[in-house]
Amino acid sequence: MQKIAVYCGSNFGESKAYFDAAQELGQLLAEQQLGLVYGGGKVGLMGTVADAVLAAGGHVTGVIPTFLREMEKAHTGLSELIETPDMTVRKQKMIALADGYIAMPGGVGTFEEWFEVLSMAQLQLQQKPIGLLDIEGFYQPLLRLIEQTIAAGFMPASNLSLFVVDSSPQGLLEKMRAYAPVYSQKWHDPAWKNQ
């Protein structure tokens, strides 16, 4: 891994723990010589992780659509800022630039970005490490939903190996380095069809 895409909120969230984790993750990325790829914003957790990487001497690539730059939400102090025509191209560019993906706490945009790389992994369109930074149990409801999806027969249990989860930035980066996904046949017939 040389560059990590971090998906996270453009708000700070109600718990200071999210802010602290964004700062810690940014500092660790710089210390471990891992470049940051992110959405290019200066606000919320997005701006926090970028500022932390920059403050520790690391490299930050922001990818922002034109309409957000024009709303003056772009971070102006980055190592590199790439402008895209829309959100779809932004996501594609971030996926292409990164060697791994982390979702921190965030909203529907964060979820969408993380699920896109997870879906690509399920279809074996990419084999890069995927992580969830589960600060204060933020992602526990999502993990329960994934377990329910498996129990209901919409994905194989082996898909749990397509991502790693940790509550600390350091622990998550270590797990991402040891990432070893197991791929299964996506499509299968339920037992009731064979009766």
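## Helix H6 and Gln140

Gln140 lies in helix H6, which covers residues 140-151; helices (H or I, at least four residues) and strands (E, at least two) are DSSP runs, numbered from the N terminus. This is a predicted model, in which local features need pLDDT of at least 70 and side-chain atom pairs count only at pLDDT 80 or more, while totals for chains, interfaces and linings use all residues. Residues are numbered from 1 along each chain as its sequence is written, and side-chain values use heavy atoms, with hydrogens and water left out.

With a relative accessible area of 33%, Gln140 is partly exposed, because that term covers values between buried, under 20% relative accessible area, and exposed, over 50% (1.4 Å probe, protein chains only). Gln140 and Arg69 are 71 residues apart in sequence, and from C-alpha to C-alpha they are 33 Å apart in space.

From E6 the chain crosses through H6 to E7 in a right-handed β-α-β crossover, which means that, with the strands pointing away from the viewer, the path from the first strand over the helix to the second runs clockwise. A right-handed β-α-β unit is likewise made by E5, helix H5 (residues 108-122) and E6.

## The largest pocket

The largest pocket holds about 530 Å³ of space. On a 1 Å grid over the protein atoms alone, a pocket is an open set of points with protein on both sides within 12 Å along at least five of seven lines, and lining residues have an atom within 4 Å of a point; the volume is the space filled by probe spheres set on the points, which are joined across faces, edges and corners.

Of the 31 residues that line the largest pocket, Cys8, Gly9, Ser10, Met46 and Thr110 are the closest to its centre. Strand E1 (3-7), helix H2 (44-55), helix H4 (87-97) and H5 are the elements that give two or more residues to this lining, and H5 supplies the largest share, five residues.

## The second largest pocket

About 170 Å³ of space lies in the second largest pocket, whose lining includes Phe115, Leu118, Leu142 and Leu145. H5 and H6 each supply at least two residues of this lining.

## Helix H7

Helix H7 (residues 169-177) has as its buried residues Pro169, Gly171, Leu172, Leu173 and Met176. These buried residues pack against E1, helix H1 (16-31), E5, E6 and E7, where contact means heavy atoms within 4.5 Å.

## Two loop residues with positive phi

Gln33, although not a glycine, has a positive phi of about 55°; Gln33 is placed in the loop between H1 and strand E2 (35-38) and, at 71% relative accessibility, counts as exposed. Glu136, found in the loop between E6 and H6, has a positive phi of about 50° although it is not a glycine, and at 58% relative accessibility Glu136 counts as exposed.

Definitions and conventions: 1 Å grid on protein atoms, 1.4 Å probe; cavity = no way out; pocket = protein on both sides within 12 Å on 5 of 7 lines; lining within 4 Å.
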